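I opened my notebook for a first look at this structure. Here is what I looked up, entry by entry.

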Amino acid sequence: MNDERLIKLDRLRYTKNTTSSRLAILAILFDVLFFVSIYKSDVGTYYYNILIGASIIYNLVFMLAVFLGSEGVKNYKQGYSWLLVALGVIQIVRIFILPAGAHAATVRAGGVQTQVMGDAQYIRVIVYLAVSAVCLFVSAAVNLRKSRALNAHVASLNGRQA
């Protein structure tokens, strides 16, 4: 192994995994944009149901879990990568729940049938959720790669000292 690669691996012992952590925080940002886009909509009474209540609670839990995950991956803990992957999968699944339902629904507002979520907003919220999921997947992948390299490097150092 060349010296430059060895130095990079050794630096991992003393630095934080800011790339993975920042990507996880970016995923929260895109979730907030989704959250704001959905909840600022006021089309009749469509959004006044149990699904919206569950969505609000999930968004709060999501933000807390991703923040926890961002702190875990910052310290090269592999288990938090799997948490971020699971949350990324849920972000993809969410596309087919609230946005898809609101895009397909119409309500009577002011005596006129109105689509609950227009095409532009539908595309925008799908992009927010998809980008949030991609950030989580990349954050997890970067952390897994770096933490495995760090663990192997530490093991090789321990083998040399024995």
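This is a predicted model: local features need pLDDT of at least 70, side-chain atom pairs count only at pLDDT 80 or more; totals for chains, interfaces and linings use all residues.

**Entry 1: where two helices meet**

I began with the contact between H2 and H3. On the H2 side I found Ser20, Ser21, Ala24, Ile25, Ala27, Ile28, Asp31, Val32, Phe34, Phe35, Ile38 and Tyr39; they meet Ile52, Ser55, Ile56, Asn59, Phe62, Met63, Val66, Phe67, Ser70, Val73 and Lys74 in H3.

I checked the confidence: the protein chain has an average pLDDT of 92, and 98% of the residues score at least 70. Where is confidence lowest, and where is it highest? I found the lowest mean, 84, in strand E1 (residues 106-109), and the highest, 97, in helix H4 (residues 78-94).

**Entry 2: the geometry of H2 and H3**

Back to my pair of helices. H2 covers residues 18-39 and H3 covers residues 50-74. I noted an angle of about 165° between them, with the axes 8 Å apart. Angles over 145 degrees count as roughly antiparallel, so H2 and H3 are roughly antiparallel to each other. I also wrote down that H2 passes H3 in a left-handed crossing.

**Entry 3: on to H3 and H4**

Next I asked at what angle H3 and H4 pack. The answer is about 150°, with their axes 9 Å apart. H3 and H4 are therefore roughly antiparallel to each other. Here, too, I noted a left-handed crossing, with H3 passing H4.

I then listed who meets whom. From H3 come Ser55, Tyr58, Asn59, Phe62, Ala65, Val66, Leu68, Gly69, Gly72 and Val73, and from H4 come Tyr80, Ser81, Leu83, Leu84, Leu87, Ile90, Gln91 and Arg94. I count the residues of this contact as 11 nonpolar, six polar and one charged.

**Entry 4: aromatic rings**

How many aromatic pairs does the structure hold? I found four. One of them joins Phe35 and Tyr39, edge-to-face, at 4.4 Å centre to centre and with 80° between the planes. Both residues lie in helix H2, four residues apart, which is about one turn of the helix.

**Entry 5: a stop at His103**

I finished with His103, which sits in helix H5 (residues 98-104). Leaving aside residues up to four places away in sequence, I saw that His103 touches Gln115, Met117, Gly118, Asp119 and Tyr122. For Met117 I looked up one more value: its C-alpha atom is separated from that of His103 by 4.6 Å, although the two residues are 14 residues apart along the chain.

Terms used:
Residues are numbered from 1 along each chain as its sequence is written. Side-chain values use heavy atoms; hydrogens and water are left out. Axes are lines fitted to C-alpha atoms, for helices over the stretch in contact, and angles run from 0 to 180 degrees between N-to-C directions. Angles under 35 degrees count as roughly parallel, over 145 as roughly antiparallel, 65 to 115 as roughly perpendicular and the rest as oblique. A crossing is left-handed if the near helix is turned anticlockwise from the far one by less than a right angle, and right-handed if clockwise. Contact means heavy atoms within 4.5 Å. pLDDT is the predictor's confidence in each residue, from 0 to 100. Ala, Val, Leu, Ile, Met, Phe, Trp, Tyr, Cys and Pro count as nonpolar, Asp, Glu, Lys and Arg as charged, and the others, Gly among them, as polar. Rings of Phe, Tyr and Trp (its six-membered ring) pair if their centres lie within 6.5 Å; planes under 30 degrees apart count as stacked, over 60 as edge-to-face and the rest as tilted.
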